[in-house]
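Here are a few exercises on aromatic rings and their surroundings. Grab the model and work through them step by step.

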Amino acid sequence: EVKAWAAGVDAPQTAPSLFTPQTEGFKSLGQEFIDSGEFKALMGGKAGYTMNTPFSVNGDITARYGVKDVYTSLPGGTPGDFGTPQRLGIVERAKRTSRVRDLFDIQQTNTNMIEYFRVTGFTNNSATVAERDGGSFAAKPQSSLAVTGVQAPVRTIAHYEVAHRNVLDDEPTLRGIIDNELLYGLRLTEDDQILNGDGTGSNLTGIRNTSGIQTLNWSAGVAGDSRIDAVRRGITKALLAYYEPTGVIVHPNDMEDIELTKDDENRHIMVMSVSLGAEARLWRLPMVSSPAITEGKALVGSFGIGATLYDRMEGTILIAEQHSDLFIRSAVAVLAEERIALAVKRPESFVEVSFNSAP
């Protein structure tokens, strides 16, 4: 009840409902739509029949019709048949922390094609030279540098997810997860392309499929060599090609074998504080443990000099409703894409180590 005071007389009255159809002046949602500026902007069809601005209802629709926040039945019925449910957040999956990209010197480009010279050989004939050879001035020796022109096209990595428009409006957390998952998916494919791309179609030419990289088999070493020794011998091959290696990439299963390698007294060979955790380094080089590389293989190389990764367009998110019949289904496509190029300028600076069998 509300009380109206007039001339000192107590006059009880019943408060009129503000949100019921019986209220004087009440407009239905349909009438509000007809009277809205958004609908009137169509001018009876003179401006076409496509609304440029959506009509929005003011106020709480459920309150207007007296609907209570009570569920008589829930999907499956397992949460219960009455009351307001507590919605728990979605648990995001753990992301791969080590990235192949982390080993590279990343550069930007504004073209769709990288052209460069790949050094395929160098013959060093430098020597001491006398001023005269007999009665003539001595000729200097000539060295030779073998190069070949190579093109590295910019390639696009992309994928999309379809979501209802309401989800993106009502669930910002879910939208964030969709965006993050899509961008993370690009990174996984990027790692695979950098290492394993075969250069056909829209694929990059990955380092492992680049002509001229060096190889080393574990079985070709000295008896008693472990995987750790094989990696060290691979480092030596890169050094003998006059390149300082900057990183090592191994599969997680091989990383496990390397870290668990023990001596004859059951002591771990890799000196590290297991209790505190240790920076992933082997022979003073940072290690990337990634499923992107084939199990049983390791890649040692000079990632800063021997190869360069170019970003034409970093990971981006686009949302549109023009795909297929998404517009009439109130759905949108969430698209993630990036464009990159890989130039392997010095193939001999990389050594692929095969953990085929112990020597």
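**Exercise 1.** Decide whether Phe355 is buried or exposed.

*Solution.* Phe355 has 7% relative accessibility, so it counts as buried (under 20% relative accessible area; exposed is over 50%, partly exposed in between, with a 1.4 Å probe and protein chains only). This is a predicted model, where local features need pLDDT of at least 70, side-chain atom pairs count only at pLDDT 80 or more, and totals for chains, interfaces and linings use all residues. Residues are numbered from 1 along each chain as its sequence is written, and side-chain values use heavy atoms, leaving out hydrogens and water.

**Exercise 2.** Work out how the rings of Trp218 and Phe355 are arranged.

*Solution.* Start with the geometry: the centres are 6.3 Å apart and the planes at 85°, so Trp218 and Phe355 form an edge-to-face pair. (Rings of Phe, Tyr and Trp, the last by its six-membered ring, pair if their centres lie within 6.5 Å; planes under 30 degrees apart are stacked, over 60 edge-to-face, the rest tilted.) Next, location: Trp218 is in the loop between strand 9 (214-217) and helix 6 (227-240), and Phe355 in the segment after strand 16 (350-354), so the pair ties together parts 137 residues apart in sequence. (Helices, H or I with at least four residues, and strands, E with at least two, are DSSP runs numbered from the N terminus.) Finally, Trp218 counts as buried because its relative accessibility is 9%.

**Exercise 3.** Find which residues the ring pairs link into a cluster.

*Solution.* They're Phe104, Phe303 and Phe350. Both Phe104 and Phe303 are buried.
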